[in-house]
Amino acid sequence: MQSALEKKIRKFLQGPRKGETFELRNGLVSQYRHERKDAIQRVIQAMTVGKDVSSLFPDVLKNIATYDIEQKKLVYLYLMNYSKTHPELCILAVNTFVQDTEDPNPLIRALAIRTMGCIRVQKMVDYMEIPLSRTLKDDNPYVRKTAALCVAKLFDLNPDMCVEYGFLARLQELVNDTNPMVVANALNALYEIREMNTDESLEVITVSSEMAKNLLTCLNECTEWGRITILSSLTEYVPAEVEEAQHIIERIIPQLQHVNPAVVLSSIKAIIAHLDYIADGETKQGILRKLSAPLVSLVSSSIPEAQYVGLKNIRIILERYPSVLSKELRVFFIKYSDPLYLKLEKLDIMVRLANDGNAALLLGELKEYAMEFEPSLVSRAIKSIGTVAIKLSSATVKAINLLIFLLDQRGGELVINETVAVLANILRRYPNKNDLLTLVIPVIANNVEVLDKNDALIGYVFLVGSYPKYFSGLSEKLDHFIETFMESDPSLQLAIITAIVKINMTISGTYSSQLQRVLELATQECENADVRDQAYMYWRLLSSESLQSQQKIILAPLPPIEDTIPMFNPIVLNDLLHELSTIASVYQKPSSTFVENGDKLVTKKAKQNIEDLKNLAKTEIINNVKNENLLDLDDDVDSEALASQSGGSSTLLAELNDLFNTPPPMQGGPQKTEAVQSSQHSQTTQDILNLFD
């Protein structure tokens, strides 16, 4: 009696043995089929939500041999998820996999070979030779297309085996298969293998003329993602003649009407890649006109993210072919409901589409954007107005009047700073135009107190140095520059030094005291190396005996701003055009800059373009060295006349060489230098040199 009682007490104290794992295990080994299937479903459900059910691996594996395809899929899914934690037990399922690849049902054959490829265990590779060889030659296209992707997974695990057993060669043969799905999957697998390949001697895929014809045949019968793969392959193909390029473009053009934006972008990429082989201008323009409607459809999407990708790709295309959307300016007008990132991208596109015909319409639209409340949008709108003024001379006066209107009506620190910086750039684009100077400079002078941004201050200082006669109270302005010199940004310090030196050269000797003070601050108290070097350079130039040499270098006109629209490097642009519809087009950087081994993705054509550009650059450098004097900064002054005026022995080259022979300064400061006896600047130069006593 006591022993029986003790057993009951102990059993009660141990608590219940049942739990979720215990119940699942009992269900997996149940003698009833429906209970086993229900248990497997519960296991997959627990695995999906993140619970660890790897302890049930042996019990789940027992249910792999079944005629129920739904149950088989669940077991295969479990094996793929936990194969790395139990690599030894995965071998127990090999016989079932091999048997399933011989099953009469093509779905089971495809499921078996796909699961074998997804089990990332090295031991599984040794058993894949026979099943993979069989499925690659299967009569059913669904099995063949699944096996094609399995080759890429095998190459990732064991490249040598993939090549040695002929799987890669068989995969290359599948590109010429009669079924479009098989062709698309074979191409996808080959591109993945090419990215993984480290053997340069192994040629994975080359698009030949026969392959291109087969791809064009399969294009209309593929799924949307298969079409994208085929179009990407056609982009890499180099046609042998112009007629072949035109034929490829004609076959691709119907894809521009596809509902999937990715297919549309891939079609545009393939068409642009083959446009380079067409020399006839009218034919090329006719093809470009057909690209207008598809590009507009990308912007008309109701999904902001899709619009953003479309705008990024349009930005790249417009740089090579600016006339594609020349009549579609209204499509890019900003909507109130657009997110900010879309508004900024649309502004960038609108400025690129500006021409004499739509300048008035565009400026009116930019005026509305400049009156918005979002600071980023207001700033970009004002800069866009300046860009239009610089790009189109016919719209300059109207753009300046619009900027002045914004200063009067809107005002505020942001508007004033951005407007002053833009007006300074406009005057750099059109220098020495009295009508613009008399219109702009008084407006800038009335808003000087509000300027606090570096770009605006630099623009203001530049105008003071370039056109001092248009500013009243010049001495007080220079004193203010000097007082705030040490607290200014280095770029602003450089502008202040240049402005004061130019004013001193233009108005002889009037502002020599300010010149002394700013050079003293720059050479003795400033810590920035660039500022100090520029101050020393000006000091040496002012010490030159030749007044014409000083004026030639210091007062040399700056090159005018031709365009403020940012442009891509030609090499980068070529790469981006071949990578349209990819993430590289959104980043607007070639894939080689952010993808490991991304240089393998550069096509042969792109590499040839890079080599041509390198050779062209080398040739231009050699010709410039032979034919040009790089130190001749003024074409209007004859070098021989300049040499005779300075005594015949003191040339500009000799004077610049003398800059690098200057003795190093002593610890207490720069060495004393004898005063230069110049007819017009003797006293001014002596005052400057006194700084170094």
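Predicted model: local features only at pLDDT ≥ 70, side-chain atom pairs only at ≥ 80, totals over all residues.

Colleague: How many helices and strands does the protein have?

Modeller: The protein has 38 helices and zero strands. Of its 693 residues, 47% count as buried, and the protein exposes about 35,500 Å², of which carbon and sulfur atoms supply 51%. As for contacts with a separation of 6 or more, 67% of them are between residues 24 or more positions apart.

Colleague: Which residues does Asn447 touch, not counting residues up to four places away in sequence?

Modeller: With those set aside, Asn447 touches Leu407 and Ile416. Ile416 is 31 residues apart from Asn447 along the chain, and yet their C-alpha atoms are separated by 7.2 Å.

Colleague: What makes Ala445 buried, exposed or partly exposed?

Modeller: Ala445, which lies in helix H26, has a relative accessible area of 29%. Buried would need under 20% and exposed would need over 50%, so Ala445 is partly exposed. From C-alpha to C-alpha, Ala445 and Tyr460 are 8.6 Å apart in space, while in sequence they are 15 residues apart.

Colleague: And how do you know whether Thr235 is buried or exposed?

Modeller: Thr235 has 7% relative accessibility, and the limit for buried is under 20%, so Thr235 counts as buried. Thr235 lies in helix H16 (residues 224–236) and, not counting residues up to four places away in sequence, touches Lys269, Ala270, Ala273, His274 and His578.

Colleague: Which residues have a positive phi although they are not glycines?

Modeller: Among them are Ser581, with a phi of about 70°, and Gln588, with a phi of about 55°. Ser581 is found in the loop between helix H33 (570–577) and helix H34 (583–587), and its relative accessible area of 27% makes it partly exposed. Gln588 has its place in the loop between H34 and helix H35 (604–627), and at 16% relative accessibility Gln588 counts as buried.

Colleague: Why is the pair of Lys37 and Asp68 called a salt bridge?

Modeller: Their side chains meet at 3.1 Å, N to O, and the rule asks for a side-chain nitrogen of Lys or Arg within 4 Å of a carboxyl oxygen of Asp or Glu, so the pair qualifies. Lys37 lies in helix H3 (residues 33–48) and Asp68 in the loop between helix H4 (57–61) and helix H5 (69–82), so the pair ties together parts that are 31 residues apart in sequence. By this rule the count comes to 19 salt bridges.

Colleague: Where do Asp100 and Lys72 lie?

Modeller: The side chains of Asp100 and Lys72 meet in a salt bridge at 3.2 Å, N to O. This pair links distant parts of the chain, with Asp100 in helix H7 (residues 94–100) and Lys72 in helix H5, 28 residues apart. Both Asp100 and Lys72 are buried. Another salt bridge joins Asp177 and Arg144, where the closest N and O atoms are 3.1 Å apart, and both of these residues are buried. Salt bridges also link Arg315, Glu319, Asp348 and Arg352 in a network.

Colleague: What makes Glu200 exposed?

Modeller: Exposed means over 50% relative accessible area, and Glu200 reaches 83%, so Glu200 counts as exposed. Glu200 is found in the loop between helix H14 (180–196) and helix H15 (209–219), and together with Glu129, Asp160, Glu164 and Asp199 it forms a negative surface patch.

Colleague: Which residues make the nonpolar surface patch of about 350 Å²?

Modeller: That patch is made by Ile583, Tyr587, Phe594 and Val595. Patch members need over 30% relative accessible area, and Ile583, whose place is in helix H34, has 47%, so Ile583 passes that limit while still being called partly exposed.

Key: Residues numbered from 1 in each chain as written. Heavy atoms only, no water. Patch = residues over 30% accessible without salt bridge, like charges linked within 9 Å, V, L, I, M, F, W, Y side chains within 5 Å. Areas by Shrake-Rupley, 256 points an atom, 1.4 Å probe, with all protein chains shown as cover. Lys, Arg positive; Asp, Glu negative; His and termini not counted. Charge placed at Lys NZ, Arg CZ, Asp CG, Glu CD. Helix = DSSP H or I, 4+ residues; strand = E, 2+ residues; numbered from the N terminus. Buried < 20%, exposed > 50% of the residue type's maximum accessible area, 1.4 Å probe, protein only. Contact = heavy atoms within 4.5 Å.
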